[in-house]
Amino acid sequence: MTALPPGSTIGMLGAGQLGRMTALAAARLGYRLHVFSPEGRDSSCGQVCAAVTSADWHDQTALARFAAAVDVVTLEWENVPTDTVAFLAERVPVHPGAGVLAVAQDRLREKSFANAQGLRTAPFRPVRSAADLRAAVADLGTPAILKSTRLGYDGKGQVRIQPDTDLERAWADLCGSSPAGVEGILEGFVTFACEVSVIVARRADGAMVSYPPVENRHKAGILDVTLAPATLDAAVAAEARRVAERLTQALDVVGLLAVEMFVTPDGAVLVNEMAPRPHNSGHWSLDFCETSQFEQLVRAVCGLPLGPTGITEPCAMTNLIGSDVEAWPALMAEPGARLHLYGKGEGRPGRKMGHVTRPLTIPG
Ligand code: AMP
């Protein structure tokens, strides 16, 4: 396939830390990154980009100008409006495309899509009212988790349902101040042995590589630590990769797809979520992998040879959330630790400010 040569400009939708780390990887290979986002030059990504367009997602004049200034578009946030992506796609290749986003933006579609591929998920029911919730709880039992179908991340927009939960109240909590049009999903609670994720990279010609499964441990719904590799039986690890590759192919993803999965005590692999972009659980790859996920995204969307995905040394990645970042002087001084800071001003609670990776190999 024809590759976009170094010197080309990659357009990035979204201006957070995932865009920032992609911009740095792109620069290393001689590419420029032009970010489009309602946030400006001082965003995490904007600080390190060759060019910044700061405009609303629906500003067609700005979008058309952006499309004319870049050679390919990718994204670091899957909730970019699909209309915006469709508008750009008429002018410049956009990877991944609007069809992938339509599935990845909606938990109901995501799980239905996985099931349609013969892949397992938690049992689930759509919920559009308190009456639906009562029927779904009667069906699936408790414990269960009520989630909003859209815009949920880091455990936001989720309510745990126990036998004594007031269901009217749970539905009202999910709806918040604007109940009109809220769609929910009730998921049966999965008793898992561990949570894992696999990141897959795919080019437009179908060439594909996947990373080894890693284990993710969450705190208060937010990713806390990733261990690479996950400690899994070889057959379970192979199954996790197969599941992620299957979804990537079936969705026709060009770029990256990160698939989060539950592994049950008997070794079954259930799809939980997918994100068509770099993923927090892939940050370890910057320091302990043959090719980082960010470089891999650049390679995939530019049609370059995909890089090898082997782990160079077992490692742990720990997120620095909110005030955790204040430990930066000690982390910088810690032998073996590699610190990454995202250039965000204020360490508000729940905000991802940076991460640190450490080798797991015991010296001697
Ligand atoms: P999510 O936003 O769907 O990734 O959920 C955040 C975290 O909540 C997951 O990483 C799990 O630790 C937990 N969780 C979500 N859904 C379920 C489920 N159906 N069963 C058990 N735990 C879950």
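Helix 6 (residues 130-140) lies across strand 5, strand 6, strand 7 and strand 8 (184-188), and the helix runs at about 170 degrees to strand 5. Helices (H or I, at least four residues) and strands (E, at least two) are DSSP runs, numbered from the N terminus; axes are lines fitted to C-alpha atoms, for helices over the stretch in contact (heavy atoms within 4.5 Å), and angles run from 0 to 180 degrees between N-to-C directions. This is a predicted model, in which local features need pLDDT of at least 70 and side-chain atom pairs count only at pLDDT 80 or more, while totals for chains, interfaces and linings use all residues. Residues are numbered from 1 along each chain as its sequence is written, and side-chain values use heavy atoms, without hydrogens and water.

- Four strands form an open sheet in the order 5-8-6-7, with antiparallel pairing (at least two DSSP bridges between two strands).
- Strand 5 (124-127) and strand 7 (158-161) stand at the edges with a single partner strand each, so one side of each has no neighbour in the sheet.
- On average, neighbouring strands of this sheet are turned by 20 degrees against each other, direction ignored.
- Strand 6 (residues 144-148) is joined to strand 7 by four bridges; leucine 146 has valine 159 in strand 7 as its bridge partner.

**The ligand**

- A nitrogen atom of the ligand is 2.8 Å from a polar backbone atom of valine 190.
- An oxygen atom of the ligand lies 3.2 Å from a polar side-chain atom of asparagine 272.
- Strand 6, strand 8 and strand 14 (269-275) are the elements that give two or more residues to the shell around the ligand.

Conventions
A polar contact is a pair of N or O atoms within 3.5 Å; within protein, one must be able to donate a hydrogen and the other to accept it, and residues adjacent in sequence count only if both atoms are side-chain atoms.
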